[in-house]
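Work through these exercises with the model open beside you. Try each task before you read its solution.

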Amino acid sequence: MSDSDIRAPQQRPSLGEMGLDQQAQLERERHLLVDARPGRELNAMVLEPMMRIGRAFWPAVGVLGFLVLTWWVTWGFQMWWNVGITGLNRVVMWSLYIANYVYLIGIAEAGTFIAAALRLLDIDWRRPISRIAELLTVFCIFASALFPLAHLGRTWKFYWLLPYPNERQLWPNFHSALIWDLTATLSYLATSTLFFYIDLIPDAALARDHVHGWRRTLNSWLALGWRGTERQWRLLKVAQLIFSIGILLIMPSVHTVVSYDFAMTIQPGWHSTVFGPYFVAGAIYSGVAAIIIAAILFQRLNHWSYFIRDEHLNGLGIFLLLTSLVWDYFFFQDFIVPWYGQVPTEKQVLLTMMAGHGQLAFWLMITANAIIPFFTLWWRRVRTSWPAMLAISILIQLGLLLERYIIVTIDLGVRELPFNWGLYQPRAAELIMSTGAVAFIVLGFVVFSKLIPFVVLYEVKEGQFLVQLKRIGKGLIRSKME
Amino acid sequence: MADATQAEHKWTMVVDLDKCTGCQACVVACHAENNVPIRNKSEVQANRAQHWIRIERYWVGDPPARARFLPMLCQHCNRAPCEPVCPVYASVHSQREHLNLQVYNRCVGTRYCNNNCPYVVRYFNFYDPYFPAPLTEQLNPDVTVRTAGIMEKCTFCIQRINRAEQQARSEGRDLGPDEVIPACVQTCPPSALLFGDLWNPESRVAKALADNPRALRVLEHLGTEPAIYYLKGGKSYVRF
């Protein structure tokens, strides 16, 4: 979609008023792919921030590292004293750990999913930002996979969930949704890490050829002897295609399985047939918002206005609006059916959310996830303004974390017999571990941004080669060779 | 002698709500029999009280309201929701006793079983159990003391079931109709609790349930097929 399609007709500059030079200038300002620059210049733009350790780097690593350390120390304490240090109780036995798991794995799944989907659909604005999306996946899935382990009463026995041969011939229970969940999470961890790595190989080779010192050694390991021969490119394209299709298939199934942890129980509020697509929609929604946050931060901190432009924010913003509407729809579905049914326990769940002790979280979630995106993202001016997009995306992250928190803890506090209605309040342990996980993801980005190139440079160069300005009559249009 | 994996008895409990006075003697007896740890005040305030059998109190009517009591313990469901969700088979159905069992040393503490238990009768050991000095002298040697991080719940005093069965076998006779008595049933002053083999028509539970219009099972609409029947007359007011 070009810009002129989005603008109102009266705003569109008429072609006759502009000379060809002026038009070309305008197109180059707007679109990365027609604003081709020499390879040397592009390489420098990507590799220079990678080599430069700024003043803020070590303090940032220190603070984030400290937060991550508190996470591990708290986990150690929890293993020593056991789960009693959390705010769990007799009724609400799943809590913020599981909410964090669902939330982070949602972001993780969406990252690679979006990269894969946009690649298969051949949408050109993906080119510079797909590495950010893929790396987001890798860090989020590692952080999220630790939460179910931290949640276990006996963490050190986690391997009993794995089907390994043992003398007593004990196997995990394949009827349990947790085993499906474990299988799904581990397969997604493997696929998305490989997907990220395959994409990285040509850029690692580029870094190997252009930097010096220990980064050269590291990147030459990562590049696996990439020489850029025709056969290697062909293999890379085939591998990317296979992984893209695979991830498109795996991602919805993984998050559906995550939703089965809840939907397969008979707990009121959880036992819902719409949870599968609802969770998938929520996952993609939070993922798009997370990619926007990461892209804006990289644009600002690395001065990458060349790579990440208004067109990228605009494309991501339209995507965000779309996923927001899909989420609204599924949320409505999940709400209206129990409400209309008026089954006493399910009605009680909804009342507790809307008017009981969940009301602050509930209305905050509605505002952040449905109302604010709906009343802002229709406007291009909002979508292309980075402070607005940053604020909206952070609000959406908060809203989606609250959504998972509500589903896990507030629903679980309403049980069949009123004697067992309970209230959960997080204690320090959960809060420290949650902030630690976020710090882990940010720290991953901070550290990795100094190790590997963060723009998918070969894709940008390919796009700049393929997309040219063509003159038709008095106007210039962008045309793409296939 | 029948196949060892084949159930010979259908252990069943009958709770007469009209007789229950809410005295909590069953709770104390269960703590003593099954080494159930006694949690301190702050833990109880954090809603972590741990009793394998508990007396749920409901208020009925306008003030001055009347208290009604519902003794709640593991229902030993025939189709238990806690069983399929356990990833490590710690929550299992015993073929021989027809009971729902918790394998303590297999449990890793996912706590999924409690989420899926509509009766919320499974208890998690948030901390290691602690028995103040004289209590250690009365720990039951037939029952394990459970460690922190695992789930536990009522077993229908399976140690008593096994002891009675072994006794009968060593004497070369069949188990008598009312030979097995769990601690809570043994101690109930108004005999509100009865226990026995439903398949033996001579047992007290079979007699109590024979064509009894007062019999019902809690949350029966969920299809869990509990092994505990409640008897409720006109005045007990406890509704399910």
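The bend at a residue is the angle between two fitted axes, one for the seven residues ending there and one for the seven starting there. Helices (H or I, at least four residues) and strands (E, at least two) are DSSP runs, numbered from the N terminus. This is a predicted model, in which local features need pLDDT of at least 70, side-chain atom pairs count only at pLDDT 80 or more, and totals for chains, interfaces and linings use all residues. Residues are numbered from 1 along each chain as its sequence is written, while chains are lettered from A and ligands numbered from 1 in the order in which they are written.

**Exercise 1. Find where H7(A) bends, and check its span.**

Step 1. Go to A:Ile201, where H7(A) bends by about 45 degrees. A proline, A:Pro202, follows within four residues.

Step 2. Take the expected span, which is 1.5 Å times one less than the number of residues. H7(A) covers residues 177–210, so its 34 residues should span 50 Å. The end C-alpha atoms are 49 Å apart, which agrees.

**Exercise 2. Describe how H6(A) packs on H7(A).**

Step 1. Read the geometry. H6(A) is residues 130–151. Its angle with H7(A) is about 150 degrees, and the axes are 9 Å apart. (Axes are lines fitted to C-alpha atoms, for helices over the stretch in contact; angles run from 0 to 180 degrees between N-to-C directions.)

Step 2. Classify the angle. Under 35 degrees counts as roughly parallel, over 145 as roughly antiparallel, 65 to 115 as roughly perpendicular, and the rest as oblique. H6(A) and H7(A) are therefore roughly antiparallel.

Step 3. The crossing of H6(A) and H7(A) is left-handed: the near helix is turned anticlockwise from the far one by less than a right angle, whereas clockwise would be right-handed.

Step 4. Pick out the residues in contact (C-beta atoms, placed from the backbone, within 7 Å). Among them are A:Leu135 and A:Ile141 of H6(A) and A:Tyr188 and A:Phe195 of H7(A).

Step 5. Sort by class. Ala, Val, Leu, Ile, Met, Phe, Trp, Tyr, Cys and Pro are nonpolar; Asp, Glu, Lys and Arg are charged; the others, Gly among them, are polar. The contact of H6(A) with H7(A) has eight nonpolar, five polar and three charged residues.

**Exercise 3. Do likewise for H7(A) and H9(A).**

Step 1. H9(A) is residues 230–263. H7(A) packs on H9(A) at about 155 degrees, with axes 9 Å apart.

Step 2. That makes the two helices roughly antiparallel.

Step 3. H7(A) passes H9(A) in a left-handed crossing. Their contact has 19 nonpolar, six polar and three charged residues.

**Exercise 4. Describe the side of chain B that touches chain A.**

Step 1. The contact takes 32 residues from chain B and 33 from chain A.

Step 2. H4(B) gives the most to chain B's side, with three residues.

Step 3. That side has 22 nonpolar, seven polar and three charged residues.

Conventions:
Two residues are in contact if their C-beta atoms, placed from the backbone, lie within 7 Å.
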